[in-house]
Amino acid sequence: MPETEPIAVVLTALPVEYDAVRALLESLDEVVLDDGTRLEQGRLSGTGWTVALAELGEGALTTAALTTRIVSALAPECLLFVGVAGGLKDDLRLGDVVVGTKVYAVHGGKQTPQGFLARPEAWHGSHRLVQAARSALRDLDGVRAHRKPIACGDVVLADERSALRDHIRRTYNDAYAVEMEGSGASHAAHLSGRLDALVVRGISDLADAGKSTADAEGSQELAAGQAAKVALAVLRKHDPRPRNAPGTREEPHPGAGSGSGSGGDTITFQGGTYYGPVVGKITRHN
């Protein structure tokens with residue numbers, strides 16, 4: 001793909017999530033990074049986006065490490081984590097979609113003789129992408145969506161009476177869904193600097209003892225498909241930044257470069273992207 005094309009990275013954990021997004025893209029080509037991480041890059045029809053899609057596996061730690069690697073290699077403009085989750089609220093149905101206005105890491109804290117003292121961490125979804133989601137969902141038929149916080153922990157929650165469920169209810173009471181990777185992706189995006197990021201999750205179970213039954217009846221396929229539909233609708237609303245926007249490469253001025261007569265000292269990197277300091281030598285010609 002040409003370097004000047006804007007890239008949106010879409011990350012998933014499970015094959016069912018990957019397949020749901022992949023089915024909505026066109027002209028896919030496999031890309032292998034230096035460390036062996038594999039992605040597919042394709043087009044999202046009707047947009048200016050090149051979408052790089054990856055299946056990372058489960059867990060926040062793996063997600064954070066591989067997200068950092070992918071962002072470093074591809075320098076995308078935005079990042080979405082798309083997949084399935086357990087629902088935490090009574091008004092949720094299987095196949096609903098939660099767009100993460102915030103992502104909570106739910107395991108941080110201090111154990112004391114007086115009990116567990118929570119030390120919450122949270123990452124807000126990108127304002128640009130949350131606004132794009134609000135707009136996209138107004139016109140998206142067949143999707144029941146909620147713009148709410150999401151809880152993230154390295155555990156599959158399948159017991160509505162568990163201590164963890166009670167901890168989330170008391171400490172992260174506005175969380176609508178629980179999953180395993182969103183905090184890793186969100187933290188990696190935050191550390192990268194200027195990168196819009198959003199977590200989109202379809203509800204495949206209600207984080208209770210009925211999880212295995214729901215999965216066996218195809219709830220993950222339903223939830224993953226709905227989440228993929230919402231995520232790519234968000235991208236359709238979220239336009240790539242102008243090429244001369246702050247933080248992007250400036251297009252060369254006409255005639256710039258050696259012998260341009262532009263006056264002063266000029267360095268031009270035509271047709272490429274450069275990251276890091278520039279070291280050079282000024283030579284005067286009489």
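Biologist: Is the crossing of α1 and α7 left-handed or right-handed?
Modeller: First a word on what we have: this is a predicted model, in which local features need pLDDT of at least 70 and side-chain atom pairs count only at pLDDT 80 or more, while totals for chains, interfaces and linings use all residues. Residues are numbered from 1 along each chain as its sequence is written, and side-chain values use heavy atoms, with hydrogens and water left out. A crossing is left-handed if the near helix is turned anticlockwise from the far one by less than a right angle, and right-handed if clockwise. By that rule, α1 and α7 cross in a way that is right-handed.

Biologist: How are α1 and α7 oriented to each other?
Modeller: Axes are lines fitted to C-alpha atoms, for helices over the stretch in contact, with angles from 0 to 180 degrees between N-to-C directions. The axes of α1 and α7 are 8 Å apart, at an angle of about 45°. Angles under 35 degrees count as roughly parallel, over 145 as roughly antiparallel, 65 to 115 as roughly perpendicular and the rest as oblique. The two helices, α1 and α7, are therefore oblique.

Biologist: Which residues of α7 meet α1?
Modeller: Contact here means heavy atoms within 4.5 Å. On the α1 side the residues are V16, E17, A20 and V21. Their partners in α7 are Q220, E221, A224, G225, A228 and L232.

Biologist: How many nonpolar residues does the contact of α3 with α7 have?
Modeller: The axes of α3 (residues 127-138) and α7 (residues 219-237) come within 8 Å and cross at roughly 105°, so this pair is roughly perpendicular. L129, A132, A133, S135, A136 and L137 of α3 touch V230, A233, V234 and K237 of α7. Ala, Val, Leu, Ile, Met, Phe, Trp, Tyr, Cys and Pro count as nonpolar, Asp, Glu, Lys and Arg as charged, and the others, Gly among them, as polar. By these classes the contact has 1 charged residue, 1 polar residue and, as nonpolar residues, 8.

Biologist: Stepping back, how many strands does the protein have?
Modeller: Helices (H or I, at least four residues) and strands (E, at least two) are DSSP runs, numbered from the N terminus. On that basis there are 7 helices, and the number of strands is 12.

Biologist: Is E179 buried or exposed?
Modeller: E179, in strand β11 (residues 177-179), ties to R201 in β12, 22 residues apart in sequence, through a salt bridge of 3.3 Å, N to O. Buried means under 20% relative accessible area, exposed over 50% and partly exposed in between (1.4 Å probe, protein chains only). R201 has 1% and counts as buried. With 4%, E179 too is buried.

Biologist: Which element holds both K211 and D215?
Modeller: Their side chains meet in a salt bridge of 3.1 Å, N to O. K211 is buried at 16%, whereas D215 is partly exposed at 23%. The two are 4 residues apart, about one turn of the helix, and K211 and D215 both lie in α6.

Biologist: One last thing, the backbone: what is the phi of A207?
Modeller: A207 sits in the loop between β12 and α6 and is buried, at 0% relative accessible area. A207 is not a glycine, yet its phi is positive, at about 55°.

Terms used:
A salt bridge is a side-chain nitrogen of Lys or Arg within 4 Å of a carboxyl oxygen of Asp or Glu.
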